[in-house]
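Welcome! Let us take a friendly look at the charged side chains of this structure and where they pair up.

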Amino acid sequence: MQITKNTVVSIHYTLRDNEGNVLDSSIGKDPLHYIQGIGNLIPGMEEGLEGKQKGDKLDIKVSPEKGYGERNDSLTQKVPRTAFGDQEVRPGMQFQAQTSQGAQIVTITEVGLDSVTVDGNHPLAGVELNFNVEVMEVRSATSDELAHGHVHGPGGHHH
Ligand code: ZN
């Protein structure tokens, strides 16, 4: 069975930046399970996997436009140190913030005496992504899975 819209796909993957640093990997863990064609994965991954089948190994290079977007400097802002209360803050810490666009992960990039710089860009925004992928399994999605928009059973939601 080929990967097309509404198939449930299991993949093992390793993600590297252009310098070869491993940013993420499923190796040694459960494979990633997702439903093709409904936005579970970034567009560049879905495009690269379309038409592939079980056992295929491939490299997929994803540009920021088809990945996590370009960096947007206006998403970086200084907030008063007091906004964090007694909480410890240091560069690299991530937390969820409520913004006008809903809940968003922000990263602390700089800690000053009175202010803290936070960055609302996705950590992988502006980064070219190099995926090494192996297709482990392809099957049709059930109607329940399509209605819920996620995979059920092993590696997916249990409910
Ligand atoms: Zn469900």
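## Salt bridges overall

Searching the whole structure turns up 6 salt bridges. Keep in mind that this is a predicted model.

## Glu47 and Lys66

How accessible are the partners? Glu47 is partly exposed because its relative accessibility is 49%, and exposed would require over 50%. Lys66 is partly exposed too, with a relative accessible area of 35%.

## Glu137 and Lys54

Here is another salt bridge to find in the view: the side chains of Glu137 and Lys54 meet at 3.8 Å, N to O. Which parts of the chain does this pair link? Glu137 sits in strand β9 (residues 129-140), and Lys54 sits in the loop between α1 and β4, with 83 residues separating the pair.

Glu137 has 38% relative accessibility, so it counts as partly exposed. Lys54, at 54% relative accessibility, counts as exposed, because the cut-off for that label is over 50%.

## Glu88 and Arg90

Finally, look for Glu88 and Arg90, a salt bridge whose closest N and O atoms are 2.8 Å apart. Glu88 is exposed, at 52% relative accessibility. Arg90 has a relative accessible area of 43%, so Arg90 is partly exposed.

Notes:
Residues are numbered from 1 along each chain as its sequence is written. This is a predicted model: local features need pLDDT of at least 70, side-chain atom pairs count only at pLDDT 80 or more; totals for chains, interfaces and linings use all residues. Side-chain values use heavy atoms; hydrogens and water are left out. A salt bridge is a side-chain nitrogen of Lys or Arg within 4 Å of a carboxyl oxygen of Asp or Glu. Buried means under 20% relative accessible area, exposed over 50%, partly exposed in between (1.4 Å probe, protein chains only). Helices (H or I, at least four residues) and strands (E, at least two) are DSSP runs, numbered from the N terminus.
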